[in-house]
Amino acid sequence: MENKFIIKNFNDFTNSFFNYKKKNEIDIYNEFSFQHELGIFIKNNFPEYKVEFERNVSFFEITEDTIKKEIDISVFSPDKKEKYAIELKFPRNGQVPEQMYSFVKDIRFMEELKHFGFTNTYTIVLVDNPQFYSGKSSGIYKIFRDTHQIDGKILKPTANYSKSEFIELQNSYTFNWNKLDDNQSYFFIDISKYM
């Protein structure tokens, strides 16, 4: 039996959501509203699936340590044979390099969930601050400005260098910034596409 949920083409799905947002003049003003609106959109399009927010990984019988514990949006069939995870970011308080590092952390979390048997995993980042995609282009900024490729060992930009903190990704991910309107841009990664 073919999986019905997300999403044969995650690009099309993501663009459909943002087109729906624009057409219906939905205001996404923080990360919670982003999570809520996307969850409603998924539920309306895939009513046969459960859509839940902030589910702990233990609900899916994951007992090993993961880089994070709660999944922003979990989508699963009633028997849990199909399960999908989506991590979202919509940073609003500056802290640009720290938030970029959080983007990487979400990607690593989605790698882990895929490894633990999730059907597919995704990350979506929405920003309304151009400092995330233009300007300074060294260190962690370079990933999100020039190369648009996230891979290997990513150092925490604010770490004490005597105690270097890093996240190491298992795969290499490419992405593009998509302009939503004059104020907002987004990118997404279908983690499963690379694993």
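Hi everyone, let's start with a helix pair: H3 and H4 pack at an angle of about 75 degrees, with their axes 8 Å apart. Those axes are lines fitted to C-alpha atoms over the stretch in contact, and angles run from 0 to 180 degrees between N-to-C directions. H3 and H4 are therefore roughly perpendicular to each other, a label for angles of 65 to 115 degrees. On the H3 side the contact (heavy atoms within 4.5 Å) is made by Val96, Pro97, Met100, Tyr101, Phe103 and Val104, and on the H4 side by Ile140, Tyr141, Phe144 and Arg145. By class, that is 9 nonpolar, no polar and 1 charged residues; Ala, Val, Leu, Ile, Met, Phe, Trp, Tyr, Cys and Pro count as nonpolar, Asp, Glu, Lys and Arg as charged, and the others, Gly among them, as polar.

A word on the source: this is a predicted model, where local features need pLDDT of at least 70, side-chain atom pairs count only at pLDDT 80 or more, and totals for chains, interfaces and linings use all residues. Residues are numbered from 1 along each chain as its sequence is written, and side-chain values use heavy atoms, with hydrogens and water left out.

Let's stay with H4, residues 140-147. Which of its residues are buried? They are Ile140, Tyr141, Ile143, Phe144 and Arg145, where buried means under 20% relative accessible area with a 1.4 Å probe, protein chains only. They cover an arc of only 170 degrees around the axis, which puts them on the same side of H4; the arc is taken from the directions from the helix axis to the C-beta atoms. Their cover includes helix H3 (96-115) and strands E5 (149-150), E6 (153-155) and E10 (185-190). Just after H4, histidine 148 takes a positive phi of about 50 degrees.

Now the other pair. Helix H1 (residues 10-23) packs with helix H2 (residues 31-45) at an angle of about 110 degrees, their axes 11 Å apart. Here Phe13, Ser16, Phe17, Phe18 and Tyr20 of H1 meet Phe34, Glu37, Leu38, Phe41 and Ile42 of H2. That contact divides into 8 nonpolar, 1 polar and 1 charged residues.

Finally, the whole chain. There are 4 helices and 10 strands, as DSSP runs numbered from the N terminus: helices are H or I with at least four residues, strands E with at least two. Buried residues make up 49% of the 195 residues. Along its principal axes, the C-alpha trace spans about 50 × 40 × 25 Å. Thanks, everyone!

Conventions: Buried means under 20% relative accessible area, exposed over 50%, partly exposed in between (1.4 Å probe, protein chains only). Angles under 35 degrees count as roughly parallel, over 145 as roughly antiparallel, 65 to 115 as roughly perpendicular and the rest as oblique.
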